Amino acid sequence: MHSETMHPKPIRPEPNNLDSNNSDLKNAETSESVISNPPRRHFTRQRRQLSDGERRQLAQSASLHLTKLQQRLPTHARVGLYYDGFGELPTQSLLDWCQRLGYLPYLPVVGSLGRTSNGNDDKRLRFVPVYHSKLINIPTRIHRLGMKQNHHRRLLWACELDVIICPLVSVDLNGNRMGMGGGFYDTTLGKSYRSGASRPLKIGWCYDFQVVEQLARQPWDVPLDGLITPSGIRWF
């Protein structure tokens, strides 16, 4: 792990409350400490408390560190972005950066592959090209899970992108990412990660208060390669 800029001291995960009827409660005082992720609402509440002006200002600060990411990308890189529809650090500055450098921006599409053989939604994301200079001007539909997405005939797989900017609720100092719980990015990136593929690079983009010391990691979780916040860039 290498940090190019000092980050504010991350918060420590808070232990989840144990149910009084749970047998774990009996051993809570004597058992070794177990990593327990802070509740997602802890971070989503803080995001909602920011004004639009504060979000834009923080995104501008974060965008100053994109030059470090640029050094790891090819000319005309294909960059996966996302809509910031839930109070996240705004991604318009990422689109501006792509257009300024001649990178090719893409946005994720959920549900383009229909259902799996067992009847569940196929969680693998595919990506559509962006032809607008402003995210707000892109024609979108609201997916049943609440996120905006554009539809287009030309869809790319994640492995065809050079870098994917991943949304997150929280991230720790080892690059472990906590998403919204749907598993879309872990499912999408799992195969290339397990194979040791060098692309796409997986980069987090978030506020500094979303960084914690340590998160619990599940076998299917895909860690980030790097993280950009208003205070700096960190490589894992």
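View 1. The structure holds 0 disulfides, a disulfide being a pair of cysteine sulfur atoms within 2.5 Å. Cysteine 166 is buried at a relative accessible area of 2%, and cysteine 206 is buried at 1%; buried stands for under 20% relative accessible area, exposed for over 50% and partly exposed for in between, with a 1.4 Å probe and protein chains only. This is a predicted model, in which local features need pLDDT of at least 70 and side-chain atom pairs count only at pLDDT 80 or more, whereas totals for chains, interfaces and linings use all residues. Residues are numbered from 1 along each chain as its sequence is written, and side-chain values use heavy atoms, with hydrogens and water left out.

**View 2. The largest nonpolar core around isoleucine 165.** The largest nonpolar core has 52 residues, of which Leu69, Val79, Ile165 and Trp205 touch the most other members; such a core is a set of buried Ala, Val, Leu, Ile, Met, Phe, Trp, Tyr and Cys residues joined through side-chain atoms within 4.5 Å. Beyond its neighbours within four places in sequence, isoleucine 165 is in contact (heavy atoms within 4.5 Å) with Leu69, Val79, Gly80, Leu81, Tyr82, Leu94, Ile203 and Trp205. Another core, of 5 residues including Phe43, Val169, Met178 and Val212, lies apart from it. In soluble globular proteins, nonpolar side chains tend to be buried together.

**View 3. Strand β11 and its two partners.** In strand β11 (residues 201–205), 5 of the 5 residues are buried; helices (H or I, at least four residues) and strands (E, at least two) are DSSP runs numbered from the N terminus. Leu201, Ile203 and Trp205 are buried on one side of β11, as are Lys202 and Gly204 on the other. Strand β8 (residues 163–166) pairs with β11 in the parallel sense over 4 bridges, where pairing requires that DSSP finds at least two bridges between two strands, and isoleucine 164 has lysine 202 in β11 as its bridge partner. β11 also pairs with strand β13 (residues 226–229), in the parallel sense over 3 bridges, and there tryptophan 205 stands opposite isoleucine 228.

**View 4. Proline 39 in a loop.** Proline 39, in the loop between α1 (24–27) and α2 (40–48), counts as partly exposed because its relative accessibility is 25%. Although 131 residues separate proline 39 and serine 170 in sequence, their C-alpha atoms are 9.7 Å apart in space.
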